[in-house]
Amino acid sequence: MTVTQELDHDGLAPAWLLCGGCRKMVYGKRFARAGRVCPECGHHAALTAAERLDALLDPGSAQPLELVVSDSDPLGFTDTRPYAERLVDARDRTGLIEAVLCARGRVDGTPVVVAAMDFRFLGGSLGSAVGEAITGACEVALAERTPLLLVTASGGARMQEGVLSLMQMAKTSQALGQLDEAGLLTVSLVTDPTFGGVAASFATSTDLIIAEPAARLGFAGPRVIEQTIKQTLPAGFQTAEFLLEHGIVDLIRPRAALRATLGRLLAIATRRPERVPPVQRPGPGALITDPQRLPERSAWECVRAARKLDRPTTLDYASLLLEDFHELHGDRLSEDCPALVAGLGRFEGRPVALIGTQKGHTADELARRNYGMPNPAGYRKAARVMRLAAKLGLPVVTLIDTAGAYPGIEAERRGQAVAIAENLKLMAGLPVPVVAVVTGEGGSGGALALAFADEVLMAENAVYSVISAEGCAAILWKDPAAAPKAAEALRVDARSLLAQGVIDGVVPEPEGGAGADHVRAAAALRAALAESLARLVPLDQMNLVTRRRARFRAFGADSSVLLDDAPHPTRTDDSERAR
């Protein structure tokens with residue numbers, strides 16, 4: 001053990017101690033004031049469950065939920081020592097009844113139920129009492145309609161209780177599922193280490209997964225994996241940083257920033273009347289809905305304008321339009337697609353989910369963002385945030401500027417077509433308002449996968465097409481140089497699409513285009529979104545979904561009719577046939 005791990009938690013830190021990360025000597029009082037974070041290297045040393053509650057909850061707000069346990073030893077288990085003796089010893093050393101503390105409290109004023117694990121107690125292992133405490137905390141949150149925060153630190157299921165410890169994974173997962181059904185936010189804060197049955201149940205089945213820097217999370221521990229596959233694991237394997245890159249973790253936050261981050265997220269996601277301002281209708285003229293008000297322009301000119309690198313990106317708009325925006329990462333499967341941004345924030349005081357493609361302004365950023373072309377992980381990340389918005393009752397705003405879905409080999413292997421198809425089906429039935437805005441290029445199905453919306457808007461210089469002009473020219477004209485002709489034939493510009501009824505309105509751009517003045521472009525978009533949301537937010541779920549489906553059902557409806565003259569069986573016929 002390192003010295004930092006051996007310290008007593010009685011506030012009497014030694015004058016000097018050895019950091020468990022960088023192995024440097026650190027002044028004890030300075031270390032304690034920093035929340036047990038090394039000022040030299042940022043290593044986050046372990047906290048007790050009580051210290052977690054003190055660090056995360058508003059001062060004076062904690063109301064402990066008492067845990068009463070029986071001295072149960074269901075298997076009469078003995079290894080080198082009887083299990084019953086181990087329990088007594090753990091209670092004497094930690095002053096805890098079990099490996100978790102539960103409490104009601106507030107984070108920046110927002111009520112929350114917290115269950116914080118303590119690794120000192122038998123490695124934070126998940127036994128029947130811990131499972132009952134976590135489940136009970138879920139039930140308190142459900143009864144009080146309060147968000148739930150789980151702070152995890154565990155080596156996994158408690159072996160001394162046999163398969164009963166395994167059943168706690170199912171029990172706690174079921175309890176979190178009930179909170180999903182009730183539309184209540186669940187958040188897990190992953191601390192080092194979190195492994196085994198805890199990682200494979202309540203630690204990773206919450207709406208949001210936040211991790212401390214370098215916190216380790218995984219089903220099997222690194223030694224087990226190495227012994228099984230006989231390979232050396234990569235550096236940083238199973239750390240928070242590794243998991244962020246691979247789509248498992250939403251956010252990494254240092255300990256000092258955790259309360260503020262949690263406070264903003266809990267406030268955004270908590271549906272309380274006093275938190276949601278009334279819908280404000282902007283003045284007239286925020287949106288252009290008459291094609292005649294738009295000048296006739298060359299479609300190819302619009303294509304070139306839409307592709308300019310100085311146009312605002314999704315992250316540019318997020319910084320100018322939203323308060324308290326927190327980007328969420330990952331598809332929870334394997335990857336975090338950098339070409340698609342998704343997160344929660346406040347628009348005009350109202351909580352919303354923002355999802356958009358992200359290109360960039362420089363060659364390096366374009367390459368890093370895959371030129372704004374999402375892979376399947378990007379569309380699945382979008383779907384995950386849409387489902388979260390539906391659960392919490394938040395409007396969804398999508399911003400689209402992409403040449404299309406990424407057409408690479410790996411994207412096809414991972415199911416690009418399926419990811420797009422699933423998004424279309426999901427968006428058709430989302431029970432919350434959805435506004436889509438094509439801010440630059442709207443390329444094919446990759447754009448449509450974010451544009452199945454109640455209202456579809458376009459920036460004045462944007463384009464929206466089934467295929468790129470160059471692609472169409474190469475296929476039909478057999479000459480990529482015929483792209484200007486293809487653009488005209490496809491009618492990709494905002495004026496043409498508004499006349500066709502494909503879009504519902506056009507957002508004016510400042511002179512010189514959106515790239516010439518980001519602030520004015522954002523102001524115009526703000527007014528347009530406010531106008532759309534003012535129409536949509538008052539509608540109930542049934543009206544929203546019915547109108548959205550009717551909107552898209554109408555496209556091409558006058559082009560053909562499928563005749564079906566066969567008699568349809570009645571319910572009676574069906575029941576008789578079943579006999």
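**Entry 1: Leu65**

I began with Leu65, which is partly exposed because its relative accessible area is 22%; buried means under 20%, exposed over 50%, and partly exposed in between (1.4 Å probe, protein chains only). I am working on a predicted model, where local features need pLDDT of at least 70, side-chain atom pairs count only at pLDDT 80 or more, and totals for chains, interfaces and linings use all residues. Residues are numbered from 1 along each chain as its sequence is written, and side-chain values use heavy atoms, with hydrogens and water left out.

I found Leu65 in strand β3 (residues 63–65); helices (H or I, at least four residues) and strands (E, at least two) are DSSP runs, numbered from the N terminus. Leaving out residues up to four places away in sequence, I listed Cys102, Ala103, Arg104, Val113 and Val140 as touching Leu65, where contact means heavy atoms within 4.5 Å. I also noted 7.7 Å between the C-alpha atoms of Leu65 and Leu101, which are 36 residues apart along the chain.

**Entry 2: two loop residues**

I looked up Ser125 in the loop between β5 (110–117) and α5 (128–144). Ser125 counts as buried because its relative accessible area is 8%. Beyond four places in sequence, Ser125 touches Ala99, Val130, Ser154, Gly156, Ala157 and Arg158.

I then turned to Gln238, in the loop between α8 (222–229) and α9 (240–245). Gln238 is buried as well, at 6% relative accessibility. With residues up to four places away not counted, the residues touching Gln238 include Phe195, Arg216, Pro222, Ile225 and Leu243.

**Entry 3: salt bridges**

I took a salt bridge as a side-chain nitrogen of Lys or Arg within 4 Å of a carboxyl oxygen of Asp or Glu. The structure holds 30 salt bridges.

I checked Glu470 with Arg307, whose closest N and O atoms are 2.7 Å apart. Glu470 is in helix α18 (residues 469–477) and Arg307 in the loop between α11 and α12 (314–321), so this pair ties together parts 163 residues apart in sequence. Glu470 is partly exposed at 26%, and Arg307 is partly exposed at 29%.

I next checked Lys359 and Glu441, where the salt bridge has an N to O distance of 2.6 Å. Lys359 sits in the loop between β13 (350–357) and α13 (363–368) and Glu441 in strand β15 (residues 434–443), so the pair joins parts 82 residues apart in sequence. Lys359 is buried at 11% relative accessibility, and Glu441 is buried at 13%.

I recorded a network of salt bridges linking Arg307, Lys359, Asp401, Glu441 and Glu470.

I also looked at Arg535 and Glu455, bridged with closest N and O atoms 2.8 Å apart. Arg535 belongs to helix α21 (residues 518–536) and Glu455 to strand β16 (residues 455–459), distant parts of the chain 80 residues apart. Arg535 is partly exposed at 33%, whereas Glu455 is buried at 8%.

**Entry 4: helix packing**

I looked at helix α11 (residues 299–306) against helix α19 (residues 483–490): the angle is about 105° and the axes are 7 Å apart. The axes are lines fitted to C-alpha atoms, for helices over the stretch in contact, and angles run from 0 to 180 degrees between N-to-C directions. That makes α11 roughly perpendicular to α19, a term for angles of 65 to 115 degrees. Ala299, Trp300 and Val303 of α11 make the contact with Ala483, Pro484, Ala487 and Glu488 of α19.

Note on methods:
Angles under 35 degrees count as roughly parallel, over 145 as roughly antiparallel, 65 to 115 as roughly perpendicular and the rest as oblique.
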